[in-house]
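I opened my notebook to look up a few things in this structure.

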Amino acid sequence: MYFREFINFPLVFRNRTGRGLLQIPVNMAKAKCHRCEEKCGKSKVTPEELHRLEVGYKSFLRSDSKSLLRKYLTKDVFDKLKYKKTAFGSSLLDCVQSGFQNPDSNVGIYAADADSYVVFSDIFNPIIQDYHVGFKQTDNHPALDFGCVDKVGNVDPKGDYVISTRVRCGRSVEGYPFAPSISQSQLWELESKMMAVLSDLPGELKGTYYPLSGMTREVQQNLIDDHFLFKEGDRFLQSANACRFWPEGRGIYHNANKTFLVWVNEEDHLRIISLQKGGDLGATYKRFVMGVNEIEKKVRFMRHERLGYLTFCPTNLGTAIRASVHIKIPKLASNMNKLNEIAEKYHLQIRGTSGEHTEAQGGVYDISNKRRLGLTEYEVIQEMYHGIVELIKHERGS
Ligand code: ADP
Ligand code: MG
């Protein structure tokens, strides 16, 4: 696989003209272990790491966690995986520490690097199958298919319920480790590579990149409050070791009217986002597809033949698309059991107004597709479209 090539050599990247060569220190080689590259399962985990794993697991078992990690990390699976390391030197602890420290997680596991999905597949696969509702361990994610963007409609043509619509995907850039393993110089390198790519975007996508470091608190908070910028200090990401060197190498790109945005080095290397007022999912999706295609002309994204686009969190694998509306549904919201029942039936996920792990404010919910893996991009958008239309039907009482 692509990352094997990097194990024994310094990372070398060509700049955009293909002339200059840049050498990157190979911080991931620090725990290089030929045995573990072969996935022999023999220990290169230090006694201290093993101790932390054992202690963490014991206390996790005593918690009342309802996470998927708690459901699937049985003693047998734990014992099988606790000695293993990935080719980048990540252990099981690197993947589960957030779940151990936050028993209230829904999922509780992150891939410390791309190889984690292979080496720790005994825990990732059942969690992936459960989250992505039916994506079996023998299934392959389909090829990319954005479908006919002009066929996607407006979920709320009368504008009665939907405040705004957003479609985003996560992308990881080939040659760079995930957040817990990426070095500061790699963060900077990736950021400048992306600045160059983004500065070339055409037409409606044209915009400006704003680095997080040096941004005033006030500007940052305004962007967060307006739902354009990622928030800071997410405890789930922090305990997954995903916020190292913050705010270095992080930033946001957006076009003039903030309908096309790219987050650099937040949870994933890239989040590509299209956002606008109202319920016109078709227009939002069309801009999103245009943006992803333009960026992909210049950047190679990591893709796994079975799992699709690789992302830090297993919930984002596959298409890595989350299509959401901010919606006011007061009648349904007064009966959360009913709302949850409909959401489950149509594979929708309900979040609060400021995103994951937040509460709804003023009755505004963020409702999106839950599944991203095992169906095409177009099918994801269709699933979300039909789910939201049904939800609105119930709210109307028709
Ligand atoms: P993601 O899955 O993209 O990481 P989060 O739940 O972390 O999403 O939310 C990121 C930001 O996107 C938050 O500010 C959230 O309010 C905003 N957001 C999500 N969906 C919408 C939407 N339909 N309209 C406006 N803002 C949205
Ligand atoms: Mg997020």
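**Entry: a proline in a loop**

I looked up Pro247 and placed it in the loop between α10 (235–239) and β5 (251–255). The model is predicted, so I keep that in mind for every entry. I then checked the peptide bond from Trp246 to Pro247. The bond is cis, with omega near 0 degrees. I noted the general rule beside it: most peptide bonds are trans.

I stayed in that loop. Most residues other than glycine have a negative phi.

**Entry: His227**

Next I went to His227, in the loop between α9 (217–225) and α10. His227 is not a glycine, yet I read a positive phi near 70 degrees. I wrote it down as partly exposed, with a relative accessible area of 31%. A polar side-chain atom of His227 lies 2.7 Å from an oxygen atom of ligand 1.

**Entry: ligand 1**

How much of ligand 1 does the protein bury? Taken alone, ligand 1 exposes 560 Å², and the protein buries 94% of that. Which elements give two or more residues to the shell? I listed β3 (162–171), β7 (270–277) and β10 (321–328).

I counted 18 residues around ligand 1. The closest are Ser164, Arg168, Ser324, Arg351 and Glu356. By class, I sorted the shell into three nonpolar, eight polar and seven charged residues.

The side chain of Arg166 has an N or O atom 2.8 Å from an oxygen atom of ligand 1. For Arg322, I found a side-chain N or O atom 2.8 Å from an oxygen atom of ligand 1.

**Entry: Thr165**

I picked Thr165, which sits in strand β3. Thr165 counts as buried because its relative accessibility is 0%, and the cut-off is under 20%. What does its side chain reach? A polar atom there lies 2.6 Å from the backbone oxygen of Gly278. Leaving out residues up to four places away in sequence, I found that Thr165 touches several others, among them Ser274, Gly278, Asp280, Thr284 and Ser324.

**Entry: Val152**

I found Val152 in the loop between α7 (121–131) and β3. Val152 is buried, with a relative accessible area of 8%. Beyond its neighbours within four places in sequence, its contacts include Leu281, Tyr285, Tyr378 and Ile381. I also checked Val152 against Thr284, 132 residues apart along the chain. Their C-alpha atoms are separated by 9.5 Å.

**Entry: cysteines**

A disulfide is a covalent bond between the sulfur atoms of two cysteines. How many does the structure hold? I found zero disulfides. I looked at two cysteines anyway. Cys95 counts as buried, at 1% relative accessibility. Cys148 is partly exposed, at 37% relative accessible area.

**Entry: the whole protein**

Last, I stepped back. The protein has 14 helices and twelve strands. Of its 398 residues, 55% count as buried. The protein exposes about 17300 Å², and carbon and sulfur atoms supply 50% of that area. I took the contacts between residues at least 6 apart in sequence, and 73% of them join residues at least 24 apart.

Terms used
Residues are numbered from 1 along each chain as its sequence is written. Chains are lettered from A and ligands numbered from 1 in the order in which they are written. This is a predicted model: local features need pLDDT of at least 70, side-chain atom pairs count only at pLDDT 80 or more; totals for chains, interfaces and linings use all residues. Side-chain values use heavy atoms; hydrogens and water are left out. A residue is near a molecule or strand if one of its heavy atoms lies within 4 Å of it. A polar contact is a pair of N or O atoms within 3.5 Å; within protein, one must be able to donate a hydrogen and the other to accept it, and residues adjacent in sequence count only if both atoms are side-chain atoms. Accessible areas come from the Shrake-Rupley method with a 1.4 Å probe; for residues, only the protein chains shown count as cover. Helices (H or I, at least four residues) and strands (E, at least two) are DSSP runs, numbered from the N terminus. Ala, Val, Leu, Ile, Met, Phe, Trp, Tyr, Cys and Pro count as nonpolar, Asp, Glu, Lys and Arg as charged, and the others, Gly among them, as polar. A disulfide is a pair of cysteine sulfur atoms within 2.5 Å. Buried means under 20% relative accessible area, exposed over 50%, partly exposed in between (1.4 Å probe, protein chains only). Contact means heavy atoms within 4.5 Å.
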